Amino acid sequence: MAAKRTILLGITGSIAAYKSADLASQLKKLGHDVFCVMTKDASHFITPLTLQTLSQHPVTIDLFEAGEGDWRPSHLQLADTADLLVISPATANVIAKLAHGLADDALSTIALALRPEAKVLIAPAMNGKMWLHPATQVNVKTLQSRGVEFIGPEKGLLACGYEGIGRLWNVDEIVKKIQKVLG
């Protein structure tokens, strides 16, 4: 088994958010400390209680939640301790926020406040037209130029009914990529 690491699992408002439960569970089984950070839109697709039960930690949604036993806000505690931030699924919106340094919710603020040694892995999931839009592609390239790694998206039947690119990468493969990124 690999060394125990602190992984922040960011979940955004995509239909693929339900797959984050499996991802959190697999990462815990590998011995990692998993802290889930959800956007408010993500809570329309999966409940914080599900992720709290699987991660065995409170789920951060609100930027102004008090830290657990610390004077620092929870988002800064998480940013200071993370070895890896995985955003799965990542919407076009959150990718744009990260590319432009916007920090208007807990997830984007944590991403901006990460310690420099922390790695970032993004697993996009969105409508194919959104993924292929030039603005999204520029945002992806911007993040890659800063050392952010991506896995996916893949082609297939999308929840919107279209066939094409935009599906969240297979969770088992995301776990393998996480292990590789963590070394």
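Reader: Which handedness does the crossing of α4 and α7 have?
Author: This is a predicted model, where local features need pLDDT of at least 70, side-chain atom pairs count only at pLDDT 80 or more, and totals for chains, interfaces and linings use all residues. Residues are numbered from 1 along each chain as its sequence is written, and side-chain values use heavy atoms, without hydrogens and water. A crossing is left-handed if the near helix is turned anticlockwise from the far one by less than a right angle, and right-handed if clockwise. For α4 and α7 the crossing is left-handed.

Reader: At what angle do α4 and α7 pack?
Author: Helices here are DSSP runs (H or I, at least four residues), numbered from the N terminus. Helix α4 spans residues 92-100 and helix α7 residues 134-145. Their axes lie 9 Å apart, and the packing angle is about 50°.

Reader: Why is α4 oblique to α7?
Author: Angles under 35 degrees count as roughly parallel, over 145 as roughly antiparallel, 65 to 115 as roughly perpendicular and the rest as oblique. The α4 and α7 helices pack at about 50°. That angle makes α4 to α7 oblique.

Reader: Which residues of α7 does α4 meet?
Author: Contact means heavy atoms within 4.5 Å. From α4 come Ala92, Ile95, Ala96, Leu98, Ala99 and His100. Their partners in α7 are Thr136, Asn139, Val140, Thr142 and Leu143.

Reader: What handedness has the crossing of α1 and α8?
Author: Helix α1 (residues 19-29) packs on helix α8 (residues 171-182) at about 45°, with axes 10 Å apart. The crossing of this pair, α1 and α8, is right-handed.

Terms used: Axes fitted to C-alpha atoms, helices over the stretch in contact; angles between N-to-C directions. Helix = DSSP H or I, 4+ residues; strand = E, 2+ residues; numbered from the N terminus.
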